[in-house]
Amino acid sequence: MAEITLKDVVKRYGKVEVVHGINLDIAHNEFVVLVGPSGCGKSTTLRMIAGLEDISDGTISIGPEVVNDLPPRKRNISMVFQNYALYPHMSVRENLGFGLKIAKQDAATIKRRVDEAADILGLDALMDRTPAELSGGQRQRVAMGRAIVRHPEAFLFDEPLSNLDAKLRVQMRTEIKKLHQKVKTTVVYVTHDQVEAMTLADRIVVMKDGHIEQVGTPMDVFNHPVNTFVASFIGSPPMNLLPATVQNGTVVFSDGKSVPVPARLKDRVREGQEVIFGLRPDDLTPVGHGIAEAGDSARVALDIILSEPLGTETILYTTIAGQEAQGKMFGPRNVLPGETLEFDLAMDKAHIFDAESGKTVRLD
Amino acid sequence: MMNGALKKRLGAIGLWVLTFILMVVMCVPGLWVVLTAFRPNGEVLAKPPVWIPENPSLLNFAKIFGVGVDQVAIPVPAYFMNSLIIALTSTAVALLIGMSGGYAFARYRFKFKNGMFLGLMLSRTVPGIALSLPVFMIWSRIGLIDAKLGLIIVYVALNVPFTIWLIDGFFRQIPKEMSEAAQVDGCTRWQAFWKIEFPLAKSGIASAGIFAFLTSWNEYALASNLTRSTDSKTLPVGLMDFTAQFTIDWAGMSAMAVIIIIPALILTFLVQKHLIAGLTFGGVKG
Ligand SMILES: Nc1ncnc2c1ncn2[C@@H]1O[C@H](COP(=O)(O)OP(=O)(O)O)[C@@H](O)[C@H]1O
Ligand SMILES: [Mg+2]
C-alpha cells in the first residue's frame, strides 16, 4: 500500500522559497498529475518525493512511513526523467536490470522480471542495443521499463513526453495510461501540458508559483475552476475572461452591453461587484451551431475577426467589449472575416469570478 | 585570372606544404635522437653530417646498462625505478585529487567556487622553475631534498590543476540525472558514482592520467634542483650525467633519451583506446 502524503511541504533554495507549504494526499494506485506553468515548482515537489531534494519544512510520507530523511534508494519509488537518463554504457537489458542487480536479486529473477517488463513495453527486439541506437520513443519506453521492473510503490514521472514530437507524444500518452491500468501503482506525474494532465489524471493538481491552486478530477477542474488562473490554464482554447460589473441582476461589460447573471449564481454576487465573467469557447457558439441545445442562454451579435477551421469545429475569433474572445462553431460552415453572427452564450455554463481576488463566486 | 577550383587546389597544396614543414620541424630532432642512439659518438659530430648510421649498433645501450667492455658509470636502472615510482605515484595521487575535485566542481554548488577554479588555473601560469627556489628552501628544512616523496609532492601540485580542470569538463557532460536515476534505482551516491559516472568519464580520466604521467616523467628543471643521488634522481636528470667537463657523450645521451621515451610511448598506446572520443551519449535525448 502506498499512499503519498505531503504535509506543509516547503522548499527553500538558500533564502528563496520556491514551494510554499503544500498539502496533498495521494491515494493508493491513484494517478495524480501535477500541472502548472514552467517554474511553478512541480519538479521540485516531485524531486522532494523522490528524495533527490531535501525537504526544507513539513513532511512527506510514502505509505505509513515519513521519508524525509530517507535517501532515494530507500523510498521504493522509481522515476522517469525528462531526458530519460538511460545509462549510455549499458545495453537495454542491462539498463532494465540495473536496479535489480544493485538489489542483489539472483540472475534468474532478474531475467524473469526484465523479460516481463520488456514484454509489457514491447522492447523484446531491442534488448541488446545501447541507448544511442534507439529512437526517442524507444528510449522513452526503456525508461519506463526501467521504472516498472522493480515493482516500486510509486512511479514518478517528470515531463516524460516533452522531448517527443507531437504525434509520438499522443501515442506514448496512451501507452502510459494503458501501462497504469496494467501495472496498478501510485503515479505522480508532472507536466506543463494541460491536455496531458486532463487525459491521464485521476486527479489533477494545478500549481502556480509554488502554491497548489486546485485539486480535483479532470472534469471537476475543467467544469468548476476555483479561480481565474485555473480557468485559463485548463482547457484549450482557454476560457474567455471578461471584466464586468454586476448591475441590476445583469453582468455589464465595459462597452455597456450586458447579459443576465446566470440563474444559479444570482445570490452569489453583490450589486456593483467588479467581476470577471468567464465563458469557454465551447459555450460561445453561433446560433444553431452549439454542442447541445442551450438551456439558459443569452444572445449577442458579434463580428468575426478570424476563423480557424479544424474540421469538426471551427474556432472563431471575435471581440467582446473590446477584448478578444474565442468561440466555437460545431457543424461548421464557411465563415468570412468581417461577418457578423448571432451567438448563444450558454449561461448555465458561465463562470463568475470576483475581480479583486480572482476567486469563483460559486459556493463549494 | 585564376578560377575558383584552381585557387582552392593551390590553397590545399599550400596547406599541405605548411603541414609538412611543421611536421619536419617537430619530428627531425626526435628522429635525430633515435638515430644517434644507434651510432658511435664519433659519427655524431662528423662533417659532413652522416644521416643514416653507417654501422648501427646497440653499443650505446650496452654501455649504459654496463654490459660489455665500454662502460659508463651511470646507474640507469636506479634512475629508471625512481622515475617510474615518482611518476606513477604522483599521477595516481593527482588523478584521485583530480577526480574528487573535478566531481565537486561539476556537481556541487559551494562558496567561492568560481574563484577557486580560477585560482587553480592561475597557479599554472607561474613557471615551475620560478618556484624551485622557495620549494628548495622549504624542502631542505623538512628534509625532502633528494627524496622521492619531495618530487612526488611537487609533481602532484603541478598536475592537480590540470587534472581537475579536465575531469571537471568530463563530469559536466554527464547529466546529473544519470546519477539520480541510479540512486532511485537503489544505489548509494558512492555506488552511483562508480557504476555510472566513473565509467562514463573514464576517457577523460585516462587523458588526464597520461598528461600527468608524461609531465612527471619528463620534468627536468625542478627535479634537477631537488635531487642529488640515486635515491631520487630521475631519468631526465640522469641525462646530464653524460656531460663531462669537456666532453658530451651525445650518443650515450641519445640512447638514454630513447630509454626515456619508450615507456611513455608504451603507456600512451595502452591508454589511447580510452581516449578516443569518449562515449556516445545515447542515454539522454540528444
Ligand atoms: N537548484 C536550484 N537552485 C535555486 N533555485 C532553483 C533550483 N532548482 C529550481 N529552482 C527554482 O525553483 C523554482 C521551481 O522550479 P521547478 O520545480 O523546476 O519548476 P517546474 O518544474 O514547475 O518548471 C523555479 O523558480 C526555479 O528557478
Ligand atoms: Mg520541471
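Below is a short chat about a ligand site and some aromatic pairs in this predicted model.

Trainee: Where does ligand 1 lie?
Mentor: Ligand 1 lies between chains A and B. Around it (a heavy atom within 4 Å) are residues including A:Tyr13, A:Cys40, A:Thr44 and B:Arg109. Residues are numbered from 1 along each chain as written, with chains lettered from A and ligands numbered from 1 in written order. In this predicted model, local features need pLDDT of at least 70, side-chain atom pairs count only at pLDDT 80 or more, and totals for chains, interfaces and linings use all residues, while side-chain values use heavy atoms, leaving out hydrogens and water.

Trainee: Switching topic, why is the pair A:Phe229 and A:Phe233 called stacked?
Mentor: Their ring centres are 5.5 Å apart and their planes at 20°, so the pair is stacked (centres within 6.5 Å, planes under 30 degrees apart).

Trainee: Are those two buried or exposed?
Mentor: Both A:Phe229 and A:Phe233 are buried (under 20% relative accessible area, with exposed meaning over 50% and partly exposed in between, using a 1.4 Å probe and protein chains only).

Trainee: And what about B:Trp190 and B:Phe193?
Mentor: That aromatic pair is stacked too, at 6.5 Å centre to centre with 20° between the planes. B:Trp190 counts as exposed at 62% relative accessibility, whereas B:Phe193, at 8%, counts as buried.

Technical notes:
Phe/Tyr/Trp six-rings, centres within 6.5 Å; stacked < 30°, edge-to-face > 60°.
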